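The sequence and the model are shown here, and the description follows.

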Amino acid sequence: MKRDRWTVVAMVVLAIILVASLAGGTIASHLLGHGPDEPFPYANAGYGVGPHTVGPWTHVPNTSQTSLDSYDNVIAPPKGTPTTLFVLGGDGLLGRDELIRLLDGGRTSLEVGLGGVIVALLIAIPIGSLAGYFGGAVDAVVSRFTETIMAFPMLLFLVFATAKVGPSLRGIHHGTLLPMGVFSDALLIGIFTSFYPTRLIRQQLLVLRNTEWVDAAHMVGGSDWRILRKDLLPHLVPTMLIWGAIAVATNILLEVSLSFIGVGVEASTPTWGSMLAQAWGTIYSPRAQEPTIWQTVFPTAAILLTVVSLNQISEGVRRALEPWSRR
Amino acid sequence: MRVAAYFARRLATALFTLLSLILLTFILYWVTPSTPASFVYPHSQALSNYQIAHANHLLGLDRPKTTQFFSYLWRLLHGDFGHTWASVQLIDNNRLVSAPIRPLLFEQTGETLSIVLGGALIVVLLAVPLGTFSGTRVGTLGDRLVSWSTLVGICTHPLVLGSLLATYLGAQHLNWLPSGGYCPLRPPPAASGPAACGGLRDWSLHMILPWITFALLYLALYTRMVRASVADTLHEDFVRTARAKGASELRVLRAHVVPSATLRVLTMVGMEIGTAIGICIYIETAFGFQGLGRAAVFAMGGALSSIDLPETLGIVTMITLIVVVGNLVVDLLYAILDPRAGRETSRGRTKSLVGGVF
């Protein structure tokens, strides 16, 4: 691992992303003097004529009121209005700070990504071990079930579940740490992505249960439960790490997909997905306005950076733990 | 004979998958609270008990659940997909008139399959050379550049990518290509005037941007797969033998390495056709198509409260049929191209990670 330069770089990048999304939003809004949800109408340079959201590094009049002339047209603010800095520009018609929303959105997106993986593992480990270790009827049922479900587009199940079950789970939230809808998103994404690790675990255990040391453990009187827990599950850790790193990335992408269907996290909560959805509209009302290029670039770049570094870490873990694999 | 038995078994599995997914749709519908009566009485603010009972009777929902299931199967066996609920109209307060699902469903399938099949072809055409390039120089800068730049395609959401392409290459800026809408492959009737859109040329012009969007999304995955396959195969004994016999590196690649990688890619394409249909929700939205993916979201009510059961069932059946046929075609290809197939089932194979997730 030490010699794997790119994986170390990826870990540093990921650590920066983690710190930035956990603490960055608070620090940035403290330094800049405005919060993630404060609208600044003058961040739309078109003054309501069109959606000309300001670009990066703009000083925006620090007022939530628009000045109107006698025809109710929006005019420039009075002279001497203090300005506030929008480092990455505005986020659209409402004129909120893109940078702070990006940082806060990172936290929400990562929460969904990580939460989904945890839920998926909580389901996959018991079911996969049962199917793989005991085989027989349990295995047949589990395999047929996962095969059938996986034949169908996962996304449609997810749309159905988030639309029908999501609203009742939305109530589970906790301040700014766990915004509304994050729990339901993570739970449902986790449930519907658990089939893949279930199959991974099953396949691996099917091989492992026939090894000599499992026979040896049986011989000295180890119970099935003990063999599973002490001898077999530790062997699954590398696979699950490799899968988990990638799955966090795909869950983040999945969250974007859900935002575009309008069933994800509350639209007012910043996530990388909801920021993109705000720029490009949902599938019910696509392209509500033509966004500035920045509104697409920044969330996408954040996603890209996270996904690429997670991907590299997953590769690195595999190379470190399975030195026999050449790729 | 063994091949015949193998395909009989595959066919049985396919049938089982189809039946279970239809049953699953019914079960999900039954356990989900919804008000089908609002389709029959769209203008009622508060539905009375009579209205609900009457609507359920007219829609056939007061029959026993087993009857609902088996009568649907029976009609499906005769090619009858039923009628949509979304277009239902109450006539004389005692019967319903609504649009049949079949013609609509076939049109939607055509649009979605156009995207998926054409896009898959482009993916294969791009991924095989790119993956071979990477696989022959694993760990070098070129390899990394390829794998990172293809990841851009995955991280840019297809709806965003599609909208960007449609906006900038389409009518609003460069006007190189049509920015949206679907043109049927079938030429338009001569009577419909010059403005009518159809035929091979119009169809392919309208499909180029959706295909690119689709291809960019899947490129990373397939390039990586070809790369892995090539890197693995290069260490095989038969490659060493070929080299020892003095075959040039190009010939080794062409004759021994690339074919097996292509075979793996084809397998994956067949297995992930269902996933691709899910992704099509966004591509269809970006380009204003009326395909299966979008229809599915709308039939399930999306953020609304009512599910259009017959429409949903029709779409589920159609998608499952496509998936099942896709898998069968892949198995057939395997049986033809790889003589070892048929002995081992495809049980061990599973979808790729992104495929399993999306």
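Predicted model: local features only at pLDDT ≥ 70, side-chain atom pairs only at ≥ 80, totals over all residues.

The crossing of H9(A) and H10(A) is right-handed.

**Two helices of chain A**

The axes of H9(A) and H10(A) cross at roughly 35° and come within 8 Å of each other. H9(A) covers residues 224-261 and H10(A) covers residues 272-280. On the side of H9(A), the residues that take part are A:Ile252, A:Glu255, A:Val256, A:Leu258, A:Ser259 and A:Phe260. They meet A:Trp272, A:Gly273, A:Ser274, A:Leu276 and A:Ala277 of H10(A). Sorted by class, this contact has seven nonpolar, three polar and one charged residues.

**The chains side by side**

In chain A, 71% of the contacts between residues at least 6 apart in sequence join residues at least 24 apart. In chain B, residues 24 or more positions apart account for 69% of the contacts with a separation of 6 or more.

**Where the chains meet**

How many residues of chain A are in contact with chain B? There are 42 residues of chain A in contact with 47 residues of chain B. Six helices of chain A, namely H3 (136-151), H4 (154-164), H7 (195-208), H9 (224-261), H10 (272-280) and H11 (293-321), each supply at least two residues of the side that touches chain B. H9(A) provides the largest share of that side, eight residues. By class, the side of chain A that touches chain B is made up of 28 nonpolar, eight polar and six charged residues.

One packing of helices joins the two chains. H4(A) and helix H11 (residues 273-287) of chain B have axes 7 Å apart and pack at an angle of about 55°. At that angle, H4(A) is oblique to H11(B). From H4(A), the contact is made by A:Met154, A:Leu155 and A:Leu156. From H11(B), B:Thr275, B:Gly278 and B:Ile281 take part. The residues of this contact divide into four nonpolar, two polar and no charged.

**The nonpolar core**

The largest nonpolar core has 161 residues. Which residues touch the most other members of this core? They are A:Leu158, A:Val159 and A:Val307 of chain A, together with B:Tyr222 and B:Cys280 of chain B. H9(A) gives the most to this core, with 18 residues.

Leaving aside neighbours within four places in sequence, A:Leu158 is in contact with A:Leu188, A:Ile189, A:Phe192 and A:Leu258. A:Leu258 is also one of the residues of H9(A) that meet H10(A).

**Loops of chain B**

The loop between strand S1 (89-91) and strand S2 (95-97) of chain B holds B:Asp92. B:Asn93 has its place in the loop between S1 and S2 of chain B too. B:Asp92 is not a glycine, yet has a positive phi of about 55°. B:Asn93, also not a glycine, has a positive phi of about 60°.

B:Asn93 counts as exposed because it has 7 C-beta neighbours inside 10 Å.

B:Gly82 lies in the loop between helix H4 (65-77) and S1 of chain B. With 19 other C-beta atoms within 10 Å, B:Gly82 is partly exposed; a residue needs 20 or more to count as buried. Not counting residues up to four places away in sequence, B:Gly82 touches B:Arg75, B:Ile101 and B:Pro310. From B:Gly82 to B:Leu219 there are 137 residues in sequence and 38 Å in space, C-alpha to C-alpha.

Key
Residues numbered from 1 in each chain as written. Chains lettered and ligands numbered in written order. Contact = placed C-beta atoms within 7 Å. Helix = DSSP H or I, 4+ residues; strand = E, 2+ residues; numbered from the N terminus. Nonpolar A, V, L, I, M, F, W, Y, C, P; charged D, E, K, R; others polar. Core = buried A, V, L, I, M, F, W, Y, C linked by C-beta atoms within 7 Å. Buried ≥ 20, exposed ≤ 12 C-beta atoms within 10 Å, placed from the backbone. Axes fitted to C-alpha atoms, helices over the stretch in contact; angles between N-to-C directions. Parallel < 35°, antiparallel > 145°, perpendicular 65-115°, else oblique. Left-handed = near helix turned anticlockwise from the far one by under 90°.
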